[in-house]
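Here are my notes for your first look through this one. Have the model open beside you as you read.

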Amino acid sequence: MSSGELLSGLDPEQRAAVIAPRGPVCVLAGAGTGKTRTITHRIANLVRGGHVAPGQVLAVTFTTRAAGEMRTRLRALGVAGAQARTFHSAALRQLRYFWPRVVDERQWDVLEGKIRFVGQAAHKLGAPTDGEALRDMASEIEWSKASLISPESYPEAAAKARRDPPVPVEQMVAVYTGYEKLKNREAKLDFDDLLLHTAAALEEHAQVAEEFRDRYRCFVVDEYQDVTPLQQRVLDAWLGERDDLTVVGDPNQTIYSFAGASPRPLLAFSRRFPEASVVRLERDYRSTPEVVSLANRVISAARDRPAGSRLRLIGQRRPGPAPSFAEYDDEPAEAAAVAARIKQLIDSGVPASECAVLFRVNAQSEVYEQALSEVDIPYLVRGGQRFFDRREVRQAMAALRVATADPPAGELPKVVRELLVPVGLTDEPPPGGTARDRWEALLSLVELAEELVSTVDGADLAHFVAELDQRADAQHPPTVEGVTLASLHSAKGLEWDAVFLVGLVDGTLPIQHADDDARVEEERRLFYVGATRAREHLWLSWALSRQPGGRRGRRRSRFLYGVIPEDHPAARIAKSRDKKPAKQRCRICNTALVDSMAVKLGRCDSCPSDVDEDLLGRLKEWRTEQSREQKVPAYVVFTDATLIAIAEQRPGDSAGLVA
Ligand code: ATP
Ligand code: MG
């Protein structure tokens, strides 16, 4: 691909980011505006122009699948050899290389999950050891490590971050300390240790840092809105004094702040690098204008949006079907309707792999698995542990691991196939039933090996086992053709023709334990992430009870307020069930006010303080008139913190300027 061709598929803003000289670049933009496309093109452009060798580029992102997609897109642009990895796999690779020099010759293994050690530590201390408590304690340890908080500093840091420790604070500190001891004694590294040790090796060993920095010269981070302090530390260690860093992100898609992530480094990027090229993208190439309009409505209702996160999306695609809203009596009825609709889509030519059912918690998956099986539609569950929990997969992984000690000769898929024969991989598929399921799970491992050799030169069995370990930890099963069932968290960055957002009830989205405003807002962003995955068809549904015949006591999600068109039957049916947002609103931008100082001032802290009273008066009048006539909330348009215009946002319309 020539450099002209490379640039011709980009809009002017994307192009500006792609051709910006080496140095700090920040792309701050909403979902579907081509951020990921921009960074892959930027890498390709730098490589083609001879500014950097492919091997000197290190691109990082947050999921294995996203990293894989980045590699695929780079290959399609004719760039081979640039590293596109998750933070963890990049760190693991680097540690393998310099570990013996900076730590010791002992054989350290990567730990698969924390629960065992957390359980042992909790047991010793007489702390609760039931599954839920252990999971919560493990998450709390993860948050602490990702936030660079040691056991000693946990009490203060947890109070400051308004954490709600699953056990009394002193006990949490003791479990965290015990966990670290047990883990270190068995020479295991958890995922956060990989990052901690990588940063420390570069910070403390000048020789290692020099070698590393000589090797990698150009850094790219996708989904930068979800960077944790620990990941930022690694990134800083990678960079040293240099500034050849491109970051892209969308603050409205920060969905991991419960795990320590923060959009602050993204929003503060141009302060940290005053000479940075900062690019904003507004055109949404992914979704139909109907989906874009819905997404805009979802996110514009967010409270406390920091300056810089008011990113509007302007749909570029041709109009498509209106999003659908549907209410059901119970979950099996909802799932059956979704399965029936997917069947119709498939019959009309939409591939099964272009449909996704997205939900808040993995437990919601089961009823959809059943409903899809009943109509014979293949599916794969992402984000659930199911694939790696399967017995044959565990047996297969054990067999492969044993074989790494003395790997049989042969480039990799054939070796894997032979090693899986004793586990049950026959040449011909069994006729059906569970035997067939087992066979398909094993076959997908062979396919994964095929995929690996096509993406990584010289990939061997050890490589493959490491890839499987990483997928098992990140819960990313190998791809099979079928409808995707995924949690909203694991859908980030991905897209499908048809997306079903299901189970939209209060208590599930927002989740029950989102008990303060900040957490509810994170849940709203999850909803936004979900809605913006759809290219064409978007279905939103909820059920009033869990089981058939159960009490129909659920409310549909509060996030649907102002999103369902007023004249939609579902809006009429359940209007009384909506939880209305708080009454106190910012006089300028109309977002609900939470903070008591803001309530007193009548203004949120993102809005300018110097808007004149006359304009405010007109704004108020106009807003009252609008809400009487159109029954839609009114919004204002900003460029950074400068009020430039007051505009109405009407579903499906572009902004109408009124002042
Ligand atoms: P997210 O925030 O969800 O990660 P994103 O900003 O990274 O989204 P991409 O995934 O890069 O968006 O792009 C969304 C879709 O739009 C992709 O299918 C991409 O190929 C397409 N796209 C992006 N830019 C253009 C363009 N200039 N012309 C045509 N299609 C484009
Ligand atoms: Mg992206």
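This is a predicted model: local features need pLDDT of at least 70, side-chain atom pairs count only at pLDDT 80 or more; totals for chains, interfaces and linings use all residues.

1. Residues are numbered from 1 along each chain as its sequence is written, with chains lettered from A and ligands numbered from 1 in the order in which they are written.

2. Is H3 covered or open? Mostly covered, with 11 of its 14 residues buried (buried means 20 or more other C-beta atoms within 10 Å of the residue's own, exposed means 12 or fewer, and partly exposed is in between, with C-beta atoms placed from the backbone). Among the buried ones are Lys 35, His 41 and Arg 42, along with Ile 39 and Leu 46. Just after H3, Gly 50 has a positive phi of about 75°.

3. Now look at ligand 1. Of the 19 residues around it, Gly 34, Lys 35, Thr 36, Arg 37 and Tyr 285 come nearest (to be near, a residue's C-beta atom, placed from the backbone, lies within 6 Å). H3 gives the largest share of this shell, 3 residues. Domain 1 (3–93 + 198–280) and domain 3 (320–384 + 483–577) both contribute to the shell, so ligand 1 lies between them; the domain bounds come from an automatic or database assignment.

4. Compare helix H19, residues 391–403: it has 13 residues and reaches 18 Å from first C-alpha to last, close to the 18 Å expected. Its buried residues are Val 393, Ala 396 and Leu 400. Seen down the axis of H19, they fall within an arc of 60°, so they line one face of the helix (the arc is that of the directions from the helix axis to the C-beta atoms). An α-helix has 3.6 residues a turn, so residues three or four places apart point the same way. On the other side of H19, Arg 391, Ala 398 and Val 402 are exposed.

5. Last, the whole chain: it has 26 helices and 19 strands, and buried residues make up 43% of its 659 residues.

Conventions: Helices (H or I, at least four residues) and strands (E, at least two) are DSSP runs, numbered from the N terminus. The expected span of a helix is 1.5 Å times one less than its number of residues.
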